[in-house]
Amino acid sequence: MASSIELREVRVDAPGGEPILRDVALRIPAGQSVAFIGRSGAGKTTSLRLINGLVAPTRGEVLVDDKPLRETDLIALRRRTGYIIQGSGLFPHRTVFENIATIPRLLGWDAARTREAAAEVMNRVGMPFEKFAERRPRSLSGGEQQRVGIARAMVASPSILLCDEPFGALDPIVRRELQDAFRALGSDATIVFVTHDLAEALRVAERVVLFDGGRVVVDAPSRDFVQQKSPLVRQFVASATLPAGWQ
Ligand SMILES: Nc1ncnc2c1ncn2[C@@H]1O[C@H](COP(=O)(O)OP(=O)(O)OP(=O)(O)O)[C@@H](O)[C@H]1O
Ligand SMILES: [Mg+2]
């Protein structure tokens with residue numbers, strides 16, 4: 001079951017006191033896919049990390065399923081949250097299968113169920129189980145590692161999927177393939193996808209939230225976002241090769 005997410009007037013101060021996020025208010029209904037875009041340092045990663053409690057708000061509140069995170073069991077929340085980051089974050093000394101089995105093991109699934117779910121999700125991301133299960137991450141290409149990262153995040157059907165520039169380090173062709181693979185998964189989860197790339201945002205999300213200087217400056221359905229007149233939006237539109245039908 002997908003979860004709703006809410007950031008209620010959130011402020012985050014850096015340890016030194018500088019504000020990183022100011023007055024961020026967002027409500028993401030269960031099952032929606034949202035892209036966070038913005039320049040480097042705008043506060044995208046910090047906002048994402050609020051959602052699984054890796055960052056705590058200085059003021060305001062974060063709620064998942066209308067329940068404040070400070071009253072939520074964060075370990076249980078993280079077990080139902082998929083997290084995909086740049087460079088895949090795979091455990092290098094574990095096989096592909098062992099990596100994918102991480103959450104099922106924590107959830108106490110038996111071996112047969114774990115193997116079946118791993119094989120299913122690996123096939124869905126184009127990594128056949130027989131061929132890849134026993135490989136180590138370092139023997140895989142960057143694109144293959146990223147596919148395993150997606151499989152690991154998805155294997156236990158998460159309620160929330162947090163993605164922080166997962167395809168940022170890949171060449172444009174592989175990047176496109178992975179965007180398509182990601183979309184084809186048709187996950188039921190609530191998805192928050194951080195990217196610098198507006199074209200990628202439009203491919204993976206139905207709503208785009210633009211951050212600048214630690215604030216949300218535009219929050220719109222993807223179709224409306226590309227029509228916004230704000231100079232920063234125009235800059236993102238001008239520098240992107242928008243997918244067909246979006247001009
Ligand atoms: N723990 C911290 N201590 C001090 N400053 C921090 C801390 N975490 C983040 N910041 C600062 O907050 C700002 C926003 O950081 P954040 O990582 O959220 O940006 P971002 O939008 O994800 O950028 P990028 O696109 O480069 O990943 C940056 O200026 C960063 O240096
Ligand atoms: Mg970031």
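**Ligand 1 and its surroundings**

A polar backbone atom of Ala 42 sits 3.2 Å from an oxygen atom of ligand 1. That is a polar contact (a pair of N or O atoms within 3.5 Å; within protein, one must be able to donate a hydrogen and the other to accept it, and residues adjacent in sequence count only if both atoms are side-chain atoms). The model is predicted: local features need pLDDT of at least 70, side-chain atom pairs count only at pLDDT 80 or more, and totals for chains, interfaces and linings use all residues. Residues are numbered from 1 along each chain as its sequence is written, chains are lettered from A and ligands numbered from 1 in the order in which they are written, and side-chain values use heavy atoms, with hydrogens and water left out.

Alone, ligand 1 exposes 640 Å², and the protein buries 55% of that (Shrake-Rupley areas, 1.4 Å probe).

The shell holds 13 residues, with Ser 40, Gly 41, Lys 44, Thr 45 and Thr 46 the closest (a heavy atom within 4 Å).

**Aromatic rings**

There are five aromatic pairs (Phe, Tyr or Trp rings, six-membered for Trp, with centres within 6.5 Å; planes under 30 degrees apart are stacked, over 60 edge-to-face, the rest tilted). Ring pairs join Phe 167, Phe 182 and Phe 193 in a cluster.
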